[in-house]
Amino acid sequence: MQYFRYQDNELYCEDVLLKELAEEFGTPLYVYSRRQIVENFRAFEAPLVGMDHVICYALKANANLSLLKLLLQEGAGADVVSGGELHLAIQAGFPPERITFAGVGKREDEIDYALRSNIFSLNAESPQELQLISLVALRLQTPARVALRINPDIDPQSHPYITTGLKQNKFGISAEEALRVFQFAASLPGIQVVGVHTHIGSQITKIEPFVETAKFLAELVRKLREAGINVQHVDFGGGFGVQYANALRHEALPLEPDNAPPPKLGQFVEAVLPVLKETGCFLWFEPGRSIVADAGVLLTKVLYTKENGARKFVVVDAGMNDLLRPSLYNAYHQIVPLKIETYEHHRVDVVGPICETGDFLARDRMLSKVKRNDYLSILTAGAYGFSSTSNYNARPRPAEILVNGEKVRVIREREAVERLR
Ligand SMILES: Cc1ncc(COP(=O)(O)O)c(C=O)c1O
């Protein structure tokens, strides 16, 4: 997150003082660095230059229309997981031939919408889904281009809730059944089998599971061709991990228990390319988190501090409705003050205003000492942050700001209380 840095002990996003944004637009407030997003996308793409490829940004990570338009300008395609995301991708202007639709539970109306929109492919996850796609394709008299999502049973060594490529996960078609289901798909009227898809999980910080997956896919493509099924594209999915702990360093900040920083984005891609290239297929990738996570922060204000004998609490104005990840899977986000005023730290729980014990942003965490009305920044919050906000406890959703150099743009207004229904 090189575009967030301290200068004279105050935190900046690019050339903008974050405290000024918090004061002008209020908190909780999402702030994104345009340069960081562009740089992440380019770092991902660099090893692919000169090859047939599409980088489909996974909208589920953050589907703000302004960010989508920015990524579209950079040449991205779109990976969508619902009719709603498809609508946003089309609204942002993504050409249909660069849109792919994955998801274990597509409804009939969503399949209908995807086929009418003439998107590049539907990534199907079961024989029953294939049958439904075939029926809808026949009804619309439109051939459906389909890739099959195969679950390779590879352990990504990530959090169990964001592991998707293991046998016990609900996603995809098992490796053992792959050939049989491909043959079934090829036999269905209205279906054109075009590719193989996989996605083994999210926040994967090791290269090995990806290389293993690439080898699995290359072998599968070979077997399919032997059986007369000539797939033309491999969709490798996303899942490339980012740094959460110690994302920002300063001598006044406590050093966090470090899980070693993940490989650089380009290194992940470089590691799998030699294997994937051998297939001769058109390559698709679906990164989400690695494009936007470290480009975003969530600003929040300290409402109160208190102690109950056993624990110290810092009560802030952002809760699980604004950033669900800590409550959902105990995800770790570094939390830092917008202004460094002390080198002293204390061990606290950072909690939100929601009426749930599970509403926390950090637990048992060494934090720079703070007091009422101080501002904090929750780092690496650009992915799966705003996109999983809710109105729980009838709290309006936060605003979103995009910073470009010294320019500031509101890319989503704070939701007004009057709009709650
Ligand atoms: C099918 C698929 N593709 C891509 C992604 C994006 O993953 P990430 O944000 O980890 O890159 C996901 C995330 O769950 C997914 O399910």
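The model is a predicted one, and its C-alpha trace spans about 70 × 45 × 40 Å along the principal axes.

**Whole chain**

- The chain contains 11 helices and 21 strands, and 48% of its 421 residues count as buried.
- Of the contacts between residues at least 6 apart in sequence, 72% join residues that are at least 24 apart.

**Helix 9**

- Helix 9 covers residues 265–277, and because 13 residues at 1.5 Å a residue should span 18 Å, the 18 Å between its end C-alpha atoms agrees with expectation.
- The helix bends by about 25 degrees at Ala-271, and a proline, Pro-274, follows within four residues of that position.
- Its buried residues are Leu-265, Phe-268, Val-269, Val-272 and Leu-276.
- In an α-helix there are 3.6 residues a turn, so residues three or four places apart point the same way.
- The partners against which the buried residues of helix 9 pack are helix 2 (34–45), helix 8 (208–226), strand 12 (233–235), strand 13 (282–285) and helix 10 (289–292).

**Ligand surroundings**

- There are 18 residues around the ligand, of which Ala-58, Ser-202, Gly-238, Gly-288 and Arg-289 come nearest.
- Sorted by class, this shell is made up of six nonpolar, eight polar and four charged residues.

Technical notes. Residues numbered from 1 in each chain as written. Predicted model: local features only at pLDDT ≥ 70, side-chain atom pairs only at ≥ 80, totals over all residues. Helix = DSSP H or I, 4+ residues; strand = E, 2+ residues; numbered from the N terminus. Buried ≥ 20, exposed ≤ 12 C-beta atoms within 10 Å, placed from the backbone. Contact = placed C-beta atoms within 7 Å. Expected span 1.5 Å × (residues − 1). Bend = angle between axes of the 7 residues up to and from the residue. Near = placed C-beta within 6 Å. Nonpolar A, V, L, I, M, F, W, Y, C, P; charged D, E, K, R; others polar.
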